[in-house]
Amino acid sequence: METLDIRIGMGTDVHAFATDRDLILGGVMIDHDMGLAGHSDADVLIHAVCDAILGAAGMGDIGDLFPDTDPKYKNIDSRILLATCARNLAQAGYRIMNLDCTVFAQVPKLGHKKQEMAASMAETLEISPGCVNVKATTTEHLGFIGRKQGIAAQAIVLIAAQTNPNIRET
């Protein structure tokens with residue numbers, strides 16, 4: 001009996017709010033009076049997705065691949081980081097089957113941007129938009145998120161070996 005080479009990865013990221021920065025989530029500009037603090041563009045959602053992908057493939061984490069001590073990543077568009085993770089994944093012989101994400105934010109409200117964020121990440125990853133789901137929730141005014149001090153994100157990805165003939169293309 002043949003076994004499928006499938007793996008699951010989980011990623012989490014957190015960033016504090018910062019003034020004088022744009023708020024970018026999932027590669028999408030979000031209208032808000034503050035952005036997020038970070039070395040790159042601080043896209044907390046894409047950073048969580050990168051960690052999920054890298055974790056599923058056993059390739060470490062985003063800090064290993066894109067250290068915040070390296071000036072070439074200063075203010076970089078996180079979609080570039082995500083595309084690099086996708087290329088590394090493909091070179092390792094895997095492809096993304098499904099990606100499920102949650103953004104935790106008291107503000108701003110994100111419901112109207114979920115599909116756009118999912119489409120942006122699907123395009124960057126070169127996968128079907130139907131393979132990416134983005135959810136948004138608050139923390140009911142609890143913790144640093146509830147106090148409107150920042151945003152967190154979690155992502156779970158399912159990857160499969162590209163060479164397995166039992167896995168159909170989507």
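Hi everyone, let's start with His15, which counts as buried because its relative accessibility is 12%. Buried here means under 20% relative accessible area, exposed means over 50%, and partly exposed is in between, using a 1.4 Å probe and the protein chains only.

A quick word on what we are looking at. This is a predicted model, in which local features need pLDDT of at least 70 and side-chain atom pairs count only at pLDDT 80 or more, while totals for chains, interfaces and linings use all residues. Residues are numbered from 1 along each chain as its sequence is written, and side-chain values use heavy atoms, with hydrogens and water left out.

Back to our histidine. His15 sits in strand 1; helices (H or I, at least four residues) and strands (E, at least two) are DSSP runs, numbered from the N terminus. What does His15 touch, leaving aside its neighbours within four places in sequence? Its contacts are Leu36, Ala37, Gly38, Ala42, Val44, His47, Gly150 and Ile151, where contact means heavy atoms within 4.5 Å.

Now meet its partner, Asp13. Asp13 is also placed in strand 1, which covers residues 6-18. Asp13 counts as buried because its relative accessibility is 18%. The side chains of Asp13 and His15 are joined by a polar contact of 2.8 Å. By polar contact I mean a pair of N or O atoms within 3.5 Å; within protein, one must be able to donate a hydrogen and the other to accept it, and residues adjacent in sequence count only if both atoms are side-chain atoms. With neighbours up to four places away in sequence set aside, Asp13 is in contact with Val44, His47, Ala48, Ile151, Ala152 and Ala153.

So where does UniProt place the feature "binding site"? The record, an unreviewed entry, puts it at Asp13, His15 and His47. UniProt positions follow the numbering used here, feature names are shortened, and annotations may be inferred rather than shown by experiment. These residues are spread over 35 residues of sequence, yet they cluster in space, with a largest C-alpha distance of 10.1 Å. Asp13, His15 and His47 are also included in the lining of the second largest pocket.

Let's look at that pocket. Rolling a probe the size of a water molecule over the atoms shows where empty space is left. On a 1 Å grid over the protein atoms alone, a cavity is a set of points where a 1.4 Å probe fits but cannot get out, whereas a pocket is an open set with protein on both sides within 12 Å along at least five of seven lines; lining residues have an atom within 4 Å of a point. The second largest pocket has a volume of about 220 Å³. Of its 14 lining residues, Ser40, His47, Ile62, Phe66 and Asp68 are the closest to the centre. Strand 1 and helix 2 (62-65) are the elements that give two or more residues to this lining. Grid points are joined across faces, edges and corners, and a volume is the space filled by probe spheres set on the points.

How does the lining of the second largest pocket split by class? There are six nonpolar, six polar and two charged residues. For those classes, Ala, Val, Leu, Ile, Met, Phe, Trp, Tyr, Cys and Pro count as nonpolar, Asp, Glu, Lys and Arg as charged, and the others, Gly among them, as polar.

Next stop, helix 4. Met117 lies in helix 4 (residues 114-125), and Met117 is buried because its relative accessible area is 0%.

The loop between strand 5 (94-104) and helix 4 holds Pro108. The peptide bond from Val107 to Pro108 is cis, with omega near -10 degrees. Lys113 is found in the loop between strand 5 and helix 4 as well, and Lys113 counts as buried because its relative accessibility is 17%.

Last, some backbone angles. Glu140 is not a glycine, although it has a positive phi of about 55 degrees. Glu140 is in the loop between strand 6 (132-137) and helix 5 (143-146), and is exposed at 61% relative accessible area. Lys148, not a glycine either, has a positive phi of about 65 degrees. Lys148 lies in the loop between helix 5 and strand 7 (150-161) and counts as partly exposed at 43% relative accessibility.
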